[in-house]
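Here is a briefing on side-chain packing and pairing. Please view the structure first, then read the points by topic.

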Amino acid sequence: MVQVFKGTSPRVAEQVKAEITGSFFGWGAGGASNIRHLCRILKDLGYKKVAGLFDGDKVEEREKAEVEFPEFHFACIPAKDIRTKPPRKATDEVQGLLNERLELKEEYAMQLKSLFGSLSTHMNS
């Protein structure tokens, strides 16, 4: 059994004198929308018993996961996050390979052609 819970969940369970059944392997997913990606990987690896815990304000993400993976168990915590966090400063724009229309920027075309060539060479060797 794998439970896709955030790492602080065992500590919370101890505080309410509850046990979490099964082998516990938990991590933050880097965003609620990533939980479904992790579940896809776990399902492809043959895991049968998986549980995912969403933040309290991610009900829609939990519902999507329930539809996509009805054999797994999902729940939301009763708060917006697992722990209280200080406010964050705004971040600077990050330039990527693709523009807003998901088109490759011309300045990366040659490098990407070379990169994909090396990947193909590796995969065919």
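**Side-chain briefing**

The structure holds two aromatic pairs. One of them joins Phe69 and Phe72, which are stacked at 5.6 Å centre to centre with 5° between the planes. Rings of Phe, Tyr and Trp (its six-membered ring) pair if their centres lie within 6.5 Å; planes under 30 degrees apart count as stacked, over 60 as edge-to-face and the rest as tilted.

This is a predicted model: local features need pLDDT of at least 70, side-chain atom pairs count only at pLDDT 80 or more, and totals for chains, interfaces and linings use all residues. Residues are numbered from 1 along each chain as its sequence is written, and side-chain values use heavy atoms, with hydrogens and water left out.

**The stacked rings**

- Phe69 has 0% relative accessibility, so it counts as buried. Buried means under 20% relative accessible area, exposed over 50%, and partly exposed in between (1.4 Å probe, protein chains only).
- Phe72 counts as buried too, because its relative accessibility is 7%.
- Beyond its neighbours within four places in sequence, Phe72 is in contact with Cys39, Lys43, Tyr47, Lys48 and Val50. Contact means heavy atoms within 4.5 Å.

**Nonpolar core**

- The largest nonpolar core has 11 residues: Ala29, Ala32, Ile35, Cys39, Leu42, Val50, Phe54, Ala65, Phe69, Phe72 and Phe74. Such a core is a set of buried Ala, Val, Leu, Ile, Met, Phe, Trp, Tyr and Cys residues joined through side-chain atoms within 4.5 Å.
- Both α2 and β2 (50-54) supply at least two residues of this core. Helices (H or I, at least four residues) and strands (E, at least two) are DSSP runs, numbered from the N terminus.
- The most comes from α2, which gives three residues to this core.
- In soluble globular proteins, nonpolar side chains tend to be buried together.

**Salt bridges**

- A search of the whole structure finds 10 salt bridges. Each is a side-chain nitrogen of Lys or Arg within 4 Å of a carboxyl oxygen of Asp or Glu.
- Arg40 pairs with Asp44, with the closest N and O atoms 3.9 Å apart. The two residues are four apart in helix α2 (residues 35-44), so about one helical turn separates them. Arg40 is partly exposed at 33% relative accessibility, whereas Asp44 is exposed, with a relative accessible area of 58%.
- Arg62 and Glu66 form a salt bridge at 3.2 Å, N to O. Why are Arg62 and Glu66 separated by about one helical turn? They are four residues apart in helix α3 (residues 59-68). Arg62 is buried, with a relative accessible area of 18%, while Glu66 is partly exposed at 33% relative accessibility.
- Arg101 and Glu103 meet in a salt bridge of 3.0 Å, N to O. Arg101 is exposed at 62% relative accessibility, and Glu103 is partly exposed at 37%.
- Shared partners link salt bridges into one network of Arg36, Arg40, Asp44, Glu61, Lys64 and Glu68.

**Cysteines**

- How many disulfides does the structure hold? It holds zero disulfides. The criterion is a pair of cysteine sulfur atoms within 2.5 Å.
- Cys39 is buried or exposed? At 0% relative accessibility, Cys39 counts as buried.
- Cys76 has 24% relative accessibility, so this residue counts as partly exposed.
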